[in-house]
Amino acid sequence: MAKLFVYDAYTNRFTRYTLRENDPMPYAYSTTLTVREFRGSSSADVLWTTTAAMEAWNLTRRRFGSAIPVGYAFKRIWEGGHGTTSQHYAGVAFDTGQRLSAASRRRLHSAAEASGAWGYVEPLLMTPTWVHFDRRYGRPACPNTTAGYPTLRRGSKSTYVLILQDALNALGYPSGTLDGIFGSATETALKAVQRSFSLTADGVCGCQSWKKIASAAVGIGRTATVVDK
């Protein structure tokens with residue numbers, strides 16, 4: 001069984017689900033994407049995504065017209081496997097088509113681009129044996145990039161807040177929960193880790209805070225302070 005958070009930017013709300021591995025993902029078209037497929041190689045008990053990512057999946061799947069094998073989708077930041085600003089940790093990125101022929105991958109790439117629903121479809125030259133697309137949102141905190149995470153502060157609500165809470169918890173600065181809502185406990189934990197990194201302890205997770213926190217948390221593995229509730 002998996003606990004799943006789905007964030008809807010239109011209503012600014014999370015919906016929580018408890019699902020079996022072979023259950024279809026909420027909002028995904030028919031049974032084109034199961035929890036197991038979305039999980040990929042992650043062994044975490046709690047997963048998350050957004051309605052926008054599922055809608056983008058649906059549009060791409062309909063355009064492609066056949067099954068899309070998923071190699072990697074969701075990862076918790078402490079599980080690693082991707083870069084420090086990976087959208088996989090936000091639950092909105094998919095590495096697909098690993099079992100398809102080169103011609104089918106080109107067709108899948110075209111379908112993803114033609115959908116107009118993804119924030120980024122990686123050029124095929126950069127992904128010779130798979131097709132990557134993601135539904136990132138929000139302006140990155142760091143300038144001159146389109147790949148980073150947005151600035152977060154008290155009152156923020158998103159899967160990026162879940163990444164921050166997850167990283168803080170893993171690093172031993174407990175946010176008190178894992179709910180995607182930037183409240184007082186998350187702010188206190190963030191200020192504590194900012195002080196430990198000799199940053200201004202303003203409780204705002206901007207460019208430098210993201211760099212320090214993500215670099216420290218990516219791939220460190222499940223620690224005793226990781227939260228799954």
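Helices here are DSSP runs of H or I with at least four residues, strands are runs of E with at least two, and both are numbered from the N terminus.

The model is predicted: local features need pLDDT of at least 70, side-chain atom pairs count only at pLDDT 80 or more, and totals for chains, interfaces and linings use all residues. Numbering starts from 1 along each chain as its sequence is written, and side-chain values use heavy atoms, without hydrogens and water.

Now colour α4 by burial. Twelve of its twelve residues are buried (under 20% relative accessible area, 1.4 Å probe, protein chains only). Among them are Y160, L164 and D166.

Next, show what covers the buried residues of α4. The cover includes strands β1 (2-8), β2 (13-19) and β3 (46-50). It also includes helices α5 (184-196) and α6 (207-217). Contact means heavy atoms within 4.5 Å.

Zoom out to the whole protein. Count six helices and seven strands. Their order along the sequence is β-β-α-β-α-β-β-α-β-β-α-α-α. Of the 229 residues, 53% count as buried. Among contacts with a separation of 6 or more, 57% come from residues 24 or more positions apart.

Last, show the C-alpha trace. Along its principal axes it spans about 50 × 40 × 30 Å.

Conventions. Buried means under 20% relative accessible area, exposed over 50%, partly exposed in between (1.4 Å probe, protein chains only).
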